[in-house]
Amino acid sequence: MLLNESGMDTHYIISEKYLCLYALFEIILFDIGITRFTQYDLANRFGVTLPTGYSIPNVYNHVSYNDNLFMQGAHIDVDEMNSFFEENRIPLKLSYLSESPWLNHDYDRRIYSPIKARQYYIYAFSYGHLYHEYNNYRVGHVALLLNCPNDDLIEIYDPGPRNAGRKIVNRNFMHDAMDAIDGGVYFIKPI
């Protein structure tokens, strides 16, 4: 669920299991008026890694299997995604910034709403680390930055599927969760 320029909710997507990153890309595309690509279309285009024996209806291309929790889900290549944007005349550019405890990343320290500026930040982090679930410590997950209410807190949209919705989390906890799996942030901006 994002806010458009008038402050109204525009779209709400709950991820299919293992497609959380693609669900966020679907939300972002919808937010700029592109409705022809679903999380399933993106998974078929870019691929997904599932546990052995698991299947997702409507996902049949580029499926691989691995029982290592850390390897499951979507793994996006920035250049490939930018080629997709260009091929489909989508006016966006994707970049990726690795989390590093030695760098001061202040993109989520400002008090503002990046969505209203049509700038999108997707955190890639350890689900278990952020939500204090030890058994899910090596599970990678993503969330979309919605707002920065102050220097200590951020508002995110977690696409789930479990416990999907808007959440307020501690900014430093998010960065620790990113660092826990050598994660980072996908930055999508209009061109």
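Two strands are taken to pair if DSSP finds at least two bridges between them. In this predicted model, strand β6, which comprises residues 153-158, is joined to β7 by 6 bridges, and the two strands run antiparallel. Within this pairing, Tyr 157 has Arg 166 of β7 as its bridge partner.

The β6-β7 pair belongs to an open sheet of 6 strands, whose order is β3-β8-β4-β5-β6-β7 and whose pairing is antiparallel. From one strand to the next, the twist averages 30°. Helix α1, formed by residues 20-31, packs on this sheet and touches β3, β4 (120-126), β5 (140-147), β6 and β8 (184-190), while the direction of the helix makes about 25° with that of β5.

When residues up to four places away in sequence are not counted, Gln 72 touches Tyr 18, Thr 49, Leu 50, Pro 51, Asn 66 and Asp 67. One of these residues, Asn 66, places its backbone oxygen 2.8 Å from a polar atom of the Gln 72 side chain.

Technical notes
Residues numbered from 1 in each chain as written. Predicted model: local features only at pLDDT ≥ 70, side-chain atom pairs only at ≥ 80, totals over all residues. Heavy atoms only, no water. Helix = DSSP H or I, 4+ residues; strand = E, 2+ residues; numbered from the N terminus. Axes fitted to C-alpha atoms, helices over the stretch in contact; angles between N-to-C directions. Contact = heavy atoms within 4.5 Å. Polar contact = N/O pair within 3.5 Å; in protein donor to acceptor, adjacent residues only side chain to side chain.
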